[in-house]
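Trainee: I would like to learn how to read pockets in a model. Can you take me through one?
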Amino acid sequence: MKLISGTANHPLAKGIADVLDIPLTSVDIERFRDQEIFARINENVRGEDIFLIQPTSAPANDHLMELLILIDALMRASAERITAVIPYFGYARQDRKTGGRTPISAKLVANLIAKAGADRVLTVDLHAGQIQGFFDIPTDNLFGQPVFISDIKEQFSKRDRNNLLFVSPDTGGVVRTRAIAKEFNADIAIVDKRRPKAGESEVMNIIGDVAGRNCILYDDIIDSGGTLCNAAKALKDHGASSVSAYITHGVLSDPAVERITKSQLTEVVITDTIAQPKKVKDCEKIRECSTAKLLGEAIRRIANDESVSKLFG
């Protein structure tokens, strides 16, 4: 087995390598003056079981193209099996037609990865579970839930955990929120977003009793942060004692950091599926949990032909 890292998230790849006690395979990745990407694998990979770690986060197109080029290089170097480890799968939000003459880009990207030569995909918290079916190769979708469950148990005392209320920031995330709430035998609430008319700000209606509760907003992606910060304000307006958020993928496009800093959120906890810039790391309200152990164990199980689903009970 060999581990290879693209440039999208080298710290996470190094963390996975440390968990597995396997060094990262040497790779040269260069860009020509016109920004064409060139990759060279510096070690023999013939007959090897390869795990290529490369989230397709911003700049999404560059990181996706780099992933495809590395897969092609490995295939032409006669690797036995290539598993694309994509902790954050970009384009996942384009999983259906939203109107006439629009693409289903998530399916297109799935096709590109398979056609490039990947034999398997390993990812974390796909935006929509049905994206697994977009791939014509085996795909394992890990859940970030175990990472967050451990952190919540560390951050909240046993007494405080009895007062937890898990909140879905929209109706689409109810199943995800109910799953983590079940681990704490806790109730859930739902934020119902409505726009009175075009151009007017969203009105937040809360489904559930949040008064006096320690609320945890739970979701898979935070992008610009507007919905999450508005939801936190609505929860506080309805009497919540505190509001924090646990979000798997910290896309955090501008002006997300500024919004979170000024918001009524106590804390936003994200994972390291996306490498973060300095301003995110410097934000006192944003904290990061590592997925290296989770991904490392999944990689070990795939390499040994063991069950991955048993990671989640």
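Mentor: Start with residue classes. Ala, Val, Leu, Ile, Met, Phe, Trp, Tyr, Cys and Pro count as nonpolar, Asp, Glu, Lys and Arg as charged, and the others, Gly among them, as polar. Keep in mind that this model is predicted.

Trainee: How is empty space found?

Mentor: Rolling a probe the size of a water molecule over the atoms shows where empty space is left. Here, the largest pocket holds about 780 Å³ of space. It is lined by 34 residues, and His127, Arg176, Asp219, Asp220 and Ile221 are the closest to its centre.

Trainee: Which element gives the largest share of the lining of the largest pocket?

Mentor: Strand 11 does, with 5 residues. Helix 4 (145–155), helix 6 (174–183) and helix 7 (226–237) are among the elements that each supply at least two. By class, this lining has 13 nonpolar, 11 polar and 10 charged residues.

Trainee: What about the second largest pocket?

Mentor: Its space is about 330 Å³. Of its 20 lining residues, Ser57, Ala58, Tyr88, Val251 and Ser253 are the closest to the centre. Now apply the classes: 11 residues of this lining are nonpolar, 7 are polar and 2 are charged.

Trainee: Where does UniProt place the feature "active site"?

Mentor: At Lys193, according to an unreviewed UniProt entry. Lys193 sits in strand 9, which spans residues 187–194.

Trainee: Is Lys193 buried, partly exposed or exposed?

Mentor: Use the cut-offs: under 20% relative accessible area is buried, over 50% is exposed, and in between is partly exposed. Lys193 has 30% relative accessibility, so it counts as partly exposed.

Key: Residues numbered from 1 in each chain as written. Predicted model: local features only at pLDDT ≥ 70, side-chain atom pairs only at ≥ 80, totals over all residues. Heavy atoms only, no water. UniProt positions renumbered as here; feature names shortened; annotations may be inferred. Helix = DSSP H or I, 4+ residues; strand = E, 2+ residues; numbered from the N terminus. Buried < 20%, exposed > 50% of the residue type's maximum accessible area, 1.4 Å probe, protein only. 1 Å grid on protein atoms, 1.4 Å probe; cavity = no way out; pocket = protein on both sides within 12 Å on 5 of 7 lines; lining within 4 Å. Points joined across faces, edges and corners; volume = space filled by probe spheres on them.
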